[in-house]
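Dear colleague,

Please find below a structure that I would like to hand over to you. My findings follow directly after it.

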Amino acid sequence: AGRHLRDSEAVEPPSVGLAQTLDRMGFQLGRLKTGTPPRLDGRTIDWERLEAQPSEDPPEPFSFLNQISQRGVTIPSDHFIQCHKT
C-alpha cells in the first residue's frame, strides 16, 4: 500500500499513525476518494467561538475566466460565504 511519487518509482508509505490515533480517541474513520477534501458538518461547529473572516469586497477572482465588471466580479455579495479562522 502507499502512493506512487510523481516522476519516480518510489512509493510513499501510507500514514497510518494518525488514523490509529484518531481511532483510539473514538473518532469515526472512513475513506475519501483521492482529491476529495474532508467535509465538516457546520451544525457541529460553535461558530461564536471562531474569528470571522469575511470575503473581499469586491472579490478578487482566481481565474481570468471570471467575468469582471467595473465594480468587480459579477457575483452578488449575498452569495458570499463567510469563513472563520480556527
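What share of the contacts in the chain with a separation of 6 or more is accounted for by residues 24 or more positions apart? The share is 42%, where a contact means heavy atoms within 4.5 Å.

Some notes on reading the values come next. This is a predicted model, in which local features need pLDDT of at least 70 and side-chain atom pairs count only at pLDDT 80 or more, while totals for chains, interfaces and linings use all residues. Residues are numbered from 1 along each chain as its sequence is written, and side-chain values use heavy atoms, with hydrogens and water left out.

Confidence and overall layout

The mean pLDDT (the predictor's confidence in each residue, from 0 to 100) of the chain is 77, and 76% of the residues reach 70 or more. The secondary structure comprises 1 helix and 6 strands; helices (H or I, at least four residues) and strands (E, at least two) are DSSP runs, numbered from the N terminus. Their order from the N terminus is β-β-α-β-β-β-β. Among these elements, S3 has the highest mean pLDDT, 91, and S5 the lowest, 52.

Surface

The chain exposes about 8,800 Å², of which carbon and sulfur atoms supply 53%; accessible areas come from the Shrake-Rupley method with a 1.4 Å probe, and for residues only the protein chains shown count as cover. Of its 86 residues, 2% count as buried. Buried means under 20% relative accessible area, exposed over 50%, and partly exposed in between (1.4 Å probe, protein chains only).

A nonpolar patch on the surface is formed by Met25, Phe27 and Leu29, which together have about 330 Å² of accessible area. Patches are made of residues with over 30% relative accessible area and no salt bridge, with like charges joined within 9 Å and nonpolar side chains (Val, Leu, Ile, Met, Phe, Trp, Tyr) within 5 Å. Met25 lies in the loop between helix H1 (16-24) and strand S3 (51-53), and Met25 counts as exposed because its relative accessibility is 57%.

Salt bridges

The structure holds 2 salt bridges, each defined as a side-chain nitrogen of Lys or Arg within 4 Å of a carboxyl oxygen of Asp or Glu. One joins the side chains of Asp41 and Arg43 at 2.8 Å, N to O. Asp41 is partly exposed, at 33% relative accessibility, whereas Arg43 is exposed, at 75%.

In the other, the side chains of Lys85 and Glu51 meet at 3.8 Å, N to O. This pair links distant parts of the chain, with Lys85 in strand S6 (residues 83-85) and Glu51 in strand S3, 34 residues apart. Lys85 is partly exposed, with a relative accessible area of 41%.

Two loop residues

Asp57 is located in the loop between S3 and strand S4 (68-69) and is exposed, at 68% relative accessibility. Its C-alpha atom is separated by 9.6 Å from that of Phe80, 23 residues apart along the chain.

Pro76 sits in the loop between strand S5 (72-73) and S6. Pro76 is partly exposed, with a relative accessible area of 43%. The C-alpha atoms of Pro76 and Pro58 are separated by 9.8 Å, and these residues are 18 apart along the chain.

Yours sincerely
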